[in-house]
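Let's read a structure together, one feature at a time. Have a look at it first.

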Amino acid sequence: QAPPQNFTKGGKHIKRIVMKRSNIRFRLEDNSRELTVEQSGVAQVRDSLMVNGWEHDARPPIVYEDPEQKGHYIGISGFHRNAAMEQLGWETMMVDVYDFPSPLAVRVAKGESNHHKKPFTPLTKRDIQKQVLEAIKNN
(Lines give C-alpha, C1' and ligand atoms only; values in the text may rest on other atoms or scores of the structure.)
Protein backbone atom coordinates (compact mmCIF):
# COMPACT_ATOMS: atom_id res chain seq x y z
CA GLN A 1 0.00 0.00 0.00
CA ALA A 2 3.06 2.27 0.17
CA PRO A 3 5.03 2.35 -3.06
CA PRO A 4 8.81 2.91 -2.93
CA GLN A 5 9.96 6.51 -2.94
CA ASN A 6 11.67 8.39 -5.75
CA PHE A 7 14.38 10.78 -4.59
CA THR A 8 15.45 14.00 -6.32
CA LYS A 9 19.14 13.00 -6.36
CA GLY A 10 18.47 9.40 -7.31
CA GLY A 11 18.45 6.07 -5.61
CA LYS A 12 17.45 2.74 -7.10
CA HIS A 13 14.92 0.72 -5.13
CA ILE A 14 16.31 -2.82 -4.93
CA LYS A 15 13.74 -4.67 -2.82
CA ARG A 16 11.33 -4.53 0.10
CA ILE A 17 12.09 -7.26 2.61
CA VAL A 18 11.76 -8.23 6.24
CA MET A 19 15.22 -8.55 7.77
CA LYS A 20 16.77 -9.02 11.18
CA ARG A 21 17.16 -5.69 12.93
CA SER A 22 20.58 -6.88 14.09
CA ASN A 23 21.74 -6.65 10.45
CA ILE A 24 20.94 -2.91 10.30
CA ARG A 25 23.15 -0.21 11.79
CA PHE A 26 21.34 2.97 12.80
CA ARG A 27 24.30 5.30 13.26
CA LEU A 28 23.74 8.60 15.07
CA GLU A 29 25.52 10.48 12.29
CA ASP A 30 22.95 9.15 9.80
CA ASN A 31 19.93 10.41 11.74
CA SER A 32 18.38 13.41 10.03
CA ARG A 33 16.88 14.75 13.27
CA GLU A 34 18.61 17.28 15.49
CA LEU A 35 17.56 15.56 18.72
CA THR A 36 18.49 12.08 17.51
CA VAL A 37 15.79 9.78 18.91
CA GLU A 38 13.17 11.51 21.04
CA GLN A 39 11.64 9.27 23.69
CA SER A 40 8.19 10.81 23.22
CA GLY A 41 8.36 9.88 19.54
CA VAL A 42 9.51 6.37 20.38
CA ALA A 43 6.64 5.92 22.83
CA GLN A 44 4.14 7.09 20.22
CA VAL A 45 5.47 4.67 17.60
CA ARG A 46 5.74 1.81 20.13
CA ASP A 47 2.13 2.28 21.23
CA SER A 48 0.95 2.39 17.62
CA LEU A 49 2.85 -0.81 16.81
CA MET A 50 1.35 -2.52 19.87
CA VAL A 51 -2.20 -1.49 19.00
CA ASN A 52 -2.16 -1.53 15.19
CA GLY A 53 0.80 -3.71 14.28
CA TRP A 54 2.69 -2.72 11.14
CA GLU A 55 0.72 -0.17 9.13
CA HIS A 56 1.11 -1.13 5.50
CA ASP A 57 0.19 2.31 4.16
CA ALA A 58 3.34 3.74 5.79
CA ARG A 59 6.63 3.47 3.92
CA PRO A 60 9.17 1.20 5.59
CA PRO A 61 12.52 2.49 6.83
CA ILE A 62 15.17 2.97 4.16
CA VAL A 63 18.50 1.16 4.24
CA TYR A 64 21.44 0.65 1.92
CA GLU A 65 24.10 -2.05 1.94
CA ASP A 66 26.98 -1.41 4.31
CA PRO A 67 30.10 -1.17 2.12
CA GLU A 68 32.24 -2.40 5.04
CA GLN A 69 30.15 -5.45 5.94
CA LYS A 70 28.49 -7.57 3.26
CA GLY A 71 24.99 -8.68 4.22
CA HIS A 72 24.57 -5.78 6.64
CA TYR A 73 22.83 -2.48 6.05
CA ILE A 74 22.88 1.14 7.17
CA GLY A 75 19.58 2.74 8.11
CA ILE A 76 18.88 6.30 7.01
CA SER A 77 15.26 6.47 8.18
CA GLY A 78 13.27 4.58 10.80
CA PHE A 79 15.28 5.51 13.90
CA HIS A 80 12.16 5.91 16.05
CA ARG A 81 10.63 2.70 14.70
CA ASN A 82 13.87 0.84 15.38
CA ALA A 83 13.97 2.11 18.99
CA ALA A 84 10.28 1.24 19.46
CA MET A 85 10.82 -2.26 18.08
CA GLU A 86 13.77 -2.68 20.43
CA GLN A 87 11.49 -1.86 23.37
CA LEU A 88 8.91 -4.34 22.08
CA GLY A 89 11.48 -7.07 21.55
CA TRP A 90 10.81 -7.34 17.81
CA GLU A 91 13.72 -9.04 16.06
CA THR A 92 12.78 -8.16 12.48
CA MET A 93 11.78 -5.08 10.52
CA MET A 94 10.36 -4.47 7.05
CA VAL A 95 12.69 -2.20 5.07
CA ASP A 96 13.17 -0.76 1.60
CA VAL A 97 16.68 -1.48 0.33
CA TYR A 98 18.13 1.16 -2.01
CA ASP A 99 21.32 1.64 -3.96
CA PHE A 100 22.35 5.30 -3.97
CA PRO A 101 24.64 6.80 -6.62
CA SER A 102 26.49 9.13 -4.22
CA PRO A 103 26.81 10.32 -0.62
CA LEU A 104 24.82 13.40 -1.65
CA ALA A 105 21.96 11.17 -2.80
CA VAL A 106 21.98 9.44 0.61
CA ARG A 107 21.91 12.81 2.40
CA VAL A 108 18.99 14.08 0.29
CA ALA A 109 17.09 10.81 0.78
CA LYS A 110 17.42 11.18 4.57
CA GLY A 111 15.49 14.44 4.45
CA GLU A 112 12.99 13.45 1.80
CA SER A 113 12.10 10.15 3.46
CA ASN A 114 11.03 11.66 6.78
CA HIS A 115 7.89 13.55 5.78
CA HIS A 116 4.88 11.96 7.40
CA LYS A 117 1.49 12.95 6.09
CA LYS A 118 -0.62 11.48 8.87
CA PRO A 119 -0.08 13.20 12.18
CA PHE A 120 -1.65 11.11 14.90
CA THR A 121 -1.50 10.15 18.51
CA PRO A 122 -2.34 6.47 18.88
CA LEU A 123 -4.27 5.07 21.79
CA THR A 124 -2.09 3.73 24.56
CA LYS A 125 -2.72 0.53 26.52
CA ARG A 126 -4.15 2.68 29.32
CA ASP A 127 -6.49 4.40 26.85
CA ILE A 128 -7.76 1.01 25.71
CA GLN A 129 -8.07 -0.23 29.29
CA LYS A 130 -10.15 2.85 30.12
CA GLN A 131 -12.49 2.14 27.18
CA VAL A 132 -12.88 -1.51 28.20
CA LEU A 133 -13.62 -0.56 31.83
CA GLU A 134 -16.11 2.10 30.67
CA ALA A 135 -17.80 -0.47 28.42
CA ILE A 136 -18.10 -2.95 31.29
CA LYS A 137 -19.35 -0.25 33.64
CA ASN A 138 -22.03 0.73 31.09
CA ASN A 139 -22.99 -2.85 30.26
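Q: Which residues of helix α2 (residues 79–88) are buried?

A: Buried means under 20% relative accessible area, exposed over 50%, and partly exposed in between (1.4 Å probe, protein chains only). Helices (H or I, at least four residues) and strands (E, at least two) are DSSP runs, numbered from the N terminus. In α2, the buried ones are Phe79, His80, Arg81, Asn82, Ala84 and Met85. Keep in mind that this is a predicted model: local features need pLDDT of at least 70, side-chain atom pairs count only at pLDDT 80 or more, while totals for chains, interfaces and linings use all residues. Residues are numbered from 1 along each chain as its sequence is written, and side-chain values use heavy atoms, leaving out hydrogens and water.

Q: Which residues touch the most other members of the largest nonpolar core?

A: In soluble globular proteins, nonpolar side chains tend to be buried together. A nonpolar core is a set of buried Ala, Val, Leu, Ile, Met, Phe, Trp, Tyr and Cys residues joined through side-chain atoms within 4.5 Å. Here the largest has 15 residues, and Met19, Ile24, Val63, Met93, Val95 and Val97 touch the most other members. Strand β5 (92–99) gives the most to this core, with four residues.

Q: What does Asp96 form a salt bridge with?

A: A salt bridge puts a side-chain nitrogen of Lys or Arg within 4 Å of a carboxyl oxygen of Asp or Glu. Asp96 pairs with Arg16, their closest N and O atoms 2.6 Å apart. Asp96 lies in β5 and Arg16 in β1 (residues 12–20), so the pair ties together parts that are 80 residues apart in sequence. Asp96 is buried at 1% relative accessible area, whereas Arg16 is partly exposed at 32%.
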